[in-house]
Amino acid sequence: MGNSAPPPPPPPPNPELDTPWRPMSWDNSDRERMLKELKDFTPGDQNLAALRILLNGQVGAGKSSFINSINSIFQGHITTEALADSTGGQSFTKTYKTYNIENRSVPGSSYAFVFNDVMGLEAAERGGVRVDDIINALKGHIKEGYKFNPDTPLSERDPYYYNNNPTWGDKVHCIVTVVAADRLAIMNDEMVQKQRRIREAASELDIPQVAVLTRVDEACKLVKNDLRKMYKSKYIKDLIERFSYKLGIPVNCIVPVKNYHNELDLKNDVDVLLLKAMKHIVNFGDDYVRKLYFRND
């Protein structure tokens, strides 16, 4: 008898869950509903003109691209107001800047939330934005235009850029940690420790925290081929759970998105994910604002 052929290799494991692990509606009507709710939003504290949302994260995570993507949805076309760098080698953001989302239906007005972008974090102790600068920003101590210095944080003795008496509107109402999904595996211990210091400072101030997971399409082939498979992807689910464990952020505070990068036109599925993230951020921020408003009323 001749040698029998070896058995065929087992099929690769199915990368897709049978049912989504987080419910999600992709209808255009849901996109329009979320967009309208965000456009109509006003803070629960009537004395506050806008929620202040601070973005932080590793160099190249997509903070500026997230701002541009949200602005693009509100303006109805691709925008690049917040300058972003596609190489990701060093932080492209150098100064503390506030970004408003213009309401073009009412000339000269903006929607009731603003973003602050900061220099990217780097693992090296003297690389990227200083953690103390992010903590100062949370407390409203950094003035517009401050140029970040990787060697030393802003001093309270600085007469030009240190805000000694921040208003309620100067302070941050929600901090968003932006992390690139395709680079999470190489996040080293030094970077994790920096993020944990920021989280601890925000927790001491009771500031709510949300994590936005970008570049999910680059991390998972299933999602790259079809964004609607986001919550059926075993890989993305596992990635979010590992991220939650590494940084201590609850899973229900982590939202995956795809930023606009090479597209020339808006796409419904990209918008739905981004708007879902913004709803989460604004809801958390407004809950915080309302809690303090009614506590002090």
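Predicted model: local features only at pLDDT ≥ 70, side-chain atom pairs only at ≥ 80, totals over all residues.

Residues are numbered from 1 along each chain as its sequence is written, and side-chain values use heavy atoms, with hydrogens and water left out.

**Stop 1: the sheet.** Show the strands. You'll find an open sheet of 6 strands in the order E2-E3-E1-E4-E5-E6, with mixed pairing. Helices (H or I, at least four residues) and strands (E, at least two) are DSSP runs, numbered from the N terminus, and two strands pair if DSSP finds at least two bridges between them. Which strands stand at the edges? Select 97-103 and 254-256: these are E2 and E6, each with a single partner strand, so one side of each has no neighbour in the sheet. On average, neighbouring strands are turned by 25° against each other, direction ignored.

Now zoom in on E2 and E3 (residues 109-117), which pair in the antiparallel sense over 6 bridges. Click Lys 97: its bridge partner in E3 is Asp 117.

**Stop 2: helices on the sheet.** Select 63-75. This is helix H2, which packs on the sheet and touches E1 (51-57), E2, E3, E4 (174-180) and E5 (209-214). Contact means heavy atoms within 4.5 Å. The direction of H2 makes about 170° with that of E3; axes are lines fitted to C-alpha atoms, for helices over the stretch in contact, and angles run from 0 to 180 degrees between N-to-C directions. Next, pick residues 131-138: helix H3 lies across E1 and E4, at about 170° to E1.

**Stop 3: two crossing helices.** Select H4 (residues 189-204) and H7 (residues 234-247), whose axes come within 10 Å and cross at roughly 70°. H4 and H7 are therefore roughly perpendicular (65 to 115 degrees; under 35 is roughly parallel, over 145 roughly antiparallel, the rest oblique). Show side chains for Val 192, Gln 195, Arg 196 and Arg 199 of H4, plus Tyr 245, Lys 246 and Leu 247 of H7, which make the contact.

Stop 4: Most residues other than glycine have a negative phi. Asp 206, in the loop between H4 and E5, has a positive phi near 65°. Arg 215, between E5 and H5 (216-219), has one of about 55°. Buried or exposed? Asp 206 counts as partly exposed at 42% relative accessibility, and Arg 215 counts as partly exposed at 30% (buried is under 20% relative accessible area, exposed over 50%, partly exposed in between, with a 1.4 Å probe and protein chains only).
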